[in-house]
Amino acid sequence: SVSAALAYGVLLIGVSWRQFPAKGAFLIGAPLIEVILGIAVLAVASMCLGLLVSAMVSTSEKAMPFLVLFTMVQVVLSGYVVPLANNPGLKQFSMIAPSRWGFAAPASTVNLNVLTPPGQGVVDPLWTQTSSNWLRDMGVMIGLAVIFALLAYLKLRTLGPRRRK
């Protein structure tokens, strides 16, 4: 999709001057491919969430404030701006946010807990470099994308033209 292609471009520009770890979490010899896959799946899941928001409102003027609100909420619920590991309530709420899992997948690829200086950053168990962490993050994002797309489809189906008897 176009959103995934744009995500690839931004990602490649952002990491072109960075050194990647020698191994990834799941695709051991290809950490860059893991990060690209994580960002691409996040782009698709976020697009499905945007489709759901658009399906829930009747005009684009009504959709824009919700999309801005959802974007800000996604940034907060990613887990890096506000630590979520020890934040009851917010931690559970973040489980339905694509950004939580979309940030955790690349973070587990590069083992962000090790890269963050002690005492200066956020530590999250989802960011530990294990294949099970990466696979779970990807699976949850795919599941959320399917749920958001299905809910948008069901909402749009109720808005469609009525069948004649």
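Reply: In H5, the buried residues are Pro-98, Ser-99, Arg-100, Trp-101, Gly-102, Ala-104, Ala-105, Pro-106, Ala-107, Ser-108 and Thr-109. Buried means under 20% relative accessible area, exposed means over 50%, and partly exposed lies in between (1.4 Å probe, protein chains only). The model is predicted: local features need pLDDT of at least 70, side-chain atom pairs count only at pLDDT 80 or more, and totals for chains, interfaces and linings use all residues. Residues are numbered from 1 along each chain as its sequence is written, and side-chain values use heavy atoms, with hydrogens and water left out.

Me: What makes H5 largely enclosed by the rest of the structure?

Reply: Of the 13 residues of H5, 11 are buried, and therefore H5 is largely enclosed. Its buried residues pack against H2, helix H3 (60–76), helix H6 (112–115) and helix H7 (131–159).

Me: How do you know that the length of H5 is close to the one expected?

Reply: The expected span of a helix is 1.5 Å times one less than its number of residues. For the 13 residues of H5 the expected value is 18 Å, and the helix reaches 19 Å from its first C-alpha to its last.

Me: Is H2 roughly parallel or roughly antiparallel to H5, and what makes it so?

Reply: Helix H2 (residues 31–56) and helix H5 (residues 98–110) pack at an angle of about 180°, their axes being 9 Å apart. That angle makes H2 roughly antiparallel to H5. Angles under 35 degrees count as roughly parallel, over 145 as roughly antiparallel, 65 to 115 as roughly perpendicular and the rest as oblique. The axes are lines fitted to C-alpha atoms over the stretch in contact, and angles run from 0 to 180 degrees between N-to-C directions.

Me: Which residues of H2 and H5 meet?

Reply: Among them are Gly-38, Leu-42 and Leu-49 in H2, and Gly-102 and Ala-105 in H5. Contact means heavy atoms within 4.5 Å.

Me: Why is Val-41 called buried?

Reply: Val-41 lies in helix H2. Its relative accessible area is 18%, which is why Val-41 counts as buried. Beyond residues up to four places away in sequence, Val-41 touches Met-138, Met-141 and Ile-142.

Me: How many helices and strands does the protein have?

Reply: The protein has seven helices and zero strands. Both are DSSP runs numbered from the N terminus: helices are H or I, at least four residues, and strands are E, at least two.
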